[in-house]
Amino acid sequence: MGLWHVIYEDWQMECCGTPFSVGDEVSWPLLLEDADHVFGGGWHDQLSKVCGPVEDVGGVRVVREETGLTVALGADPDDEEDRRPKPGDRIRSVGLLSVERHGARWPEVRGRVRAVQVLSQAYAETAPGSRTWEPVAGERRLRLVERCAGRFAAGPEEQGRQWRESGVVVTLEVPGTDSWLSHALREARGIPHQGAGPGTETEGLPAAELAGLLEKLSTVTAPPRDRGRPRRRHG
């Protein structure tokens with residue numbers, strides 16, 4: 001059982017989503033996005049790595065991750081040409097996993113929700129009085145909750161800035177996979193790496209204790225020593 005951080009953005013939930021709680025079994029189409037293109041970038045512990053062969057599924061590039069996860073690859077909206085890996089390529093990509101319910105379809109990932117954190121993002125006016133807002137890179141907060149609601153709230157505007165609930169960060173446990181997050185949890189629990197298979201990190205942990213550990217492993221800004229972690233999507 002591998003643990004994966006998945007971002008479920010507010011507009012995706014409010015448009016086409018179904019509210020869910022910790023412990024629920026869910027099935028979602030997952031997209032690996034460039035972390036710099038999600039709320040202005042500045043992400044750290046939510047990053048995921050996938051390695052595996054690329055396939056074409058109805059015009060969508062899909063990776064069958066070597067430990068079992070199936071995800072689509074996001075295209076760079078600023079590219080004038082298709083720079084996606086070609087079918088048959090084997091890639092190593094780092095990015096943010098997100099739920100994508102619009103457009104083309106590809107195989108969904110089934111798993112159990114092990115933690116839910118509300119994502120609050122800071123926004124700023126592009127110019128004083130413009131009434132045009134953009135996310136402030138790296139300025140966000142996470143709050144542990146038991147359930148993802150169907151609607152999200154916004155705070156008051158103060159001097160050209162505003163905090164908005166912009167979705168949730170979900171810890172999804174997916175059978176037959178392994179991940180950076182699972183590795184970090186095994187390390188936090190003092191489980192020896194040698195001979196420790198996927199899933200040992202959650203064995204015997206009560207739900208509340210697991211949620212608390214996952215919260216500690218889910219920071220939203222990178223310490224200086226970690227800012228060099230690779231963020232290219234494909235390589």
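User: Y8 and W28: buried or exposed?
Analyst: Y8 is buried, and W28 is too. Buried is under 20% relative accessible area, exposed over 50%, partly exposed in between (1.4 Å probe, protein chains only). This is a predicted model: local features need pLDDT of at least 70, side-chain atom pairs count only at pLDDT 80 or more, and totals for chains, interfaces and linings use all residues. Residues are numbered from 1 along each chain as its sequence is written, and side-chain values use heavy atoms, with hydrogens and water left out.

User: What geometry does the Y8 and W28 aromatic pair have?
Analyst: Edge-to-face, 5.3 Å centre to centre, with 90° between the planes. Rings of Phe, Tyr and Trp (its six-membered ring) pair if their centres lie within 6.5 Å; planes under 30 degrees apart are stacked, over 60 edge-to-face, the rest tilted.

User: Which parts does that pair tie together?
Analyst: Y8 is in strand β1 and W28 in strand β3, so the pair ties together parts 20 residues apart in sequence. Strands (E, at least two residues) are DSSP runs, numbered from the N terminus.

User: Which residues do ring pairs link into a cluster?
Analyst: Y8, F20 and W28.

User: Switching topic. Which charged end sits over the ring of W43?
Analyst: That of R140, 3.9 Å from the ring centre. The criterion is NZ of Lys or CZ of Arg within 6 Å of the ring centre and within 35 degrees of the ring normal.

User: And what lies over the face of Y123?
Analyst: R164, at 4.3 Å from the ring centre.

User: What is the mean pLDDT?
Analyst: The mean is 86, and 91% of residues reach 70 or more. pLDDT is the predictor's confidence in each residue, from 0 to 100.

Conventions: Helix = DSSP H or I, 4+ residues; strand = E, 2+ residues; numbered from the N terminus.
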